[in-house]
Amino acid sequence: MIIMKSDATKAQIDAVVQDIENHGLRADVSQGDFRTIIGLIGDERKISFDHLAMLPGVKEARMVETPYKLISREYARLAGESEHRVIKVGNVEIGGDKLVFIAGPCAVESKQQLFKIAEGVKKAGADVLRGGIFKPRTSVHSFQGLGGSSEEDAVEALEWFREAGDKFEMPVVTEVRGESQIDLIAKYVDIIQIGARNMYDQDLLVKTARTGKPILYKRHFGAGIEEFLSFAEYMVAEDNKDIILCERGILPLGKGRSYTRYTLDLSAVPVMQKETFLPVIVDPSHAAGRRDLIFNMSCASIAAGACGLIVEVHHNPAEALVDGQQQITPDEFAKLVTACRSIHQAIGNRTNGG
Ligand code: PEP
Ligand code: MN
């Protein structure tokens, strides 16, 4: 990380960037109100920090120990930028003063199903509509989402999805499961989701980030927090800082029956909010895997400092083609929204407690 002097000229900043690039690295320039910070992207062994410290206009050049720095609050603080990024999508602010509720079916099943649920969640207080079109499934014999049947079905489902979002005035988010789907999905949606199973796919992260769209990025169920944040850095290194981090549960421990699908790592929420300037949301649906726990785990997530939730909602969970056991009805969702809002009011924004 290079901290420029407060009176460094543009020519000096450009010269430092050029020097970094001449060494085969990339530079991330953060121009704050008071000074400019330049982050190195790439293999830092290629350049000497003593050399950088000698360049005109440079106040300090130092190594950052954490494997993620571009997303760190320290980096934002040094650059004089906001330590809490607010991601604007249409009229919705993610990470702002209000909680954000993302809701909708696990999978888009039909136009009628999608519109019914979209109407229900909107009435209940949802801000953003979710719906899977390319579903990651364990078994090849299961319903793969409408995107799994043919290109025509994928396009049709994406068109309904866009239409539902526009009709009920909600931005829309769907998951990209592979690189070949990026361009198509980017044409229709406002936010692109990278699911837990693809958390480690560097090429998918980089190419999705290059669309410039906000990304809802889920933690893998076996990933440590440092690993998750390190991989998030791949997207920010592409100059896309609109990354929403999502905690969705890690693998349960021990022998015997697992009472939940995953273990919601609640403490990861305030930890990540403190480590990075990115907003953190929680997915209680995939974490719990059972509808009777969604209300409590949602309340707990907001109490832990989450900026919002992504919840699976279906008008008829018993008939859902995917994840019926964890989907709640629009009425149940409405109760959850009310409870979460009062908890949020009681505790204030993000981790303001410390
Ligand atoms: C989803 O949100 O549809 C999903 C598959 O979640 P995850 O990637 O967290 O399993
Ligand atoms: Mn699901």
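Predicted model: local features only at pLDDT ≥ 70, side-chain atom pairs only at ≥ 80, totals over all residues.

Me: How many helices and strands does the chain have, and what share of its residues is buried?
Reply: The secondary structure comes to 12 helices and 14 strands. Among contacts with a separation of 6 or more, residues 24 or more positions apart account for 68%. The buried share of the 354 residues is 56%.

Me: How far apart are the mean positions of the positive and negative charges of the chain?
Reply: The chain has 42 positive and 49 negative charges. The distance between their mean positions is 4 Å.

Me: Is Asp-265 buried or exposed, and which side chains make polar contacts with the side chain of Asp-265?
Reply: Asp-265 sits in the loop between β12 (243–247) and α9 (268–275). Its relative accessible area is 15%, so Asp-265 is buried. Beyond its neighbours within four places in sequence, Asp-265 is in contact with Arg-219, Ile-225, Glu-247 and Ile-250. The polar contacts of its side chain include one of 2.9 Å with the side chain of Arg-219 and one of 3.3 Å with that of Ser-267.

Me: Which backbone oxygens lie by the side chain of Asn-240?
Reply: Asn-240 is in the loop between α8 (225–236) and β12, and counts as buried because its relative accessibility is 4%. Leaving out neighbours within four places in sequence, Asn-240 is in contact with Ala-209, Gly-212, Lys-213, Ile-215 and Met-235. Two of these residues place a backbone oxygen by a polar atom of the Asn-240 side chain: Ala-209 at 3.1 Å and Lys-213 at 2.9 Å.

Me: What covers the buried residues of α7?
Reply: Helix α7 spans residues 202–209. Its buried residues are Leu-204, Leu-205, Val-206, Thr-208 and Ala-209. Their cover includes α6 (182–188), β10 (191–194), β11 (215–218) and α8.

Me: Is Lys-98 buried or exposed, and which residues does Lys-98 touch?
Reply: Lys-98 is in the loop between β6 (92–94) and β7 (100–104). Its relative accessibility is 64%, so Lys-98 counts as exposed. Lys-98 and Arg-62 are 36 residues apart in sequence, and their C-alpha atoms are 37 Å apart in space. Not counting residues up to four places away in sequence, Lys-98 touches Glu-93, Cys-307 and His-344.

Me: What is the phi of Asp-239, and is Asp-239 buried or exposed?
Reply: Most residues other than glycine have a negative phi. Asp-239, in the loop between α8 and β12, has a positive phi near 70 degrees. With a relative accessibility of 60%, Asp-239 counts as exposed.

Me: What is the phi of Asp-323, and is Asp-323 buried or exposed?
Reply: Asp-323 lies in the loop between β14 (308–312) and α12 (330–347). Although Asp-323 is not a glycine, its phi is positive, at about 55 degrees. The relative accessible area of Asp-323 is 12%, which means that Asp-323 is buried.

Terms used: Residues numbered from 1 in each chain as written. Chains lettered and ligands numbered in written order. Heavy atoms only, no water. Helix = DSSP H or I, 4+ residues; strand = E, 2+ residues; numbered from the N terminus. Buried < 20%, exposed > 50% of the residue type's maximum accessible area, 1.4 Å probe, protein only. Polar contact = N/O pair within 3.5 Å; in protein donor to acceptor, adjacent residues only side chain to side chain. Contact = heavy atoms within 4.5 Å. Lys, Arg positive; Asp, Glu negative; His and termini not counted. Charge placed at Lys NZ, Arg CZ, Asp CG, Glu CD.
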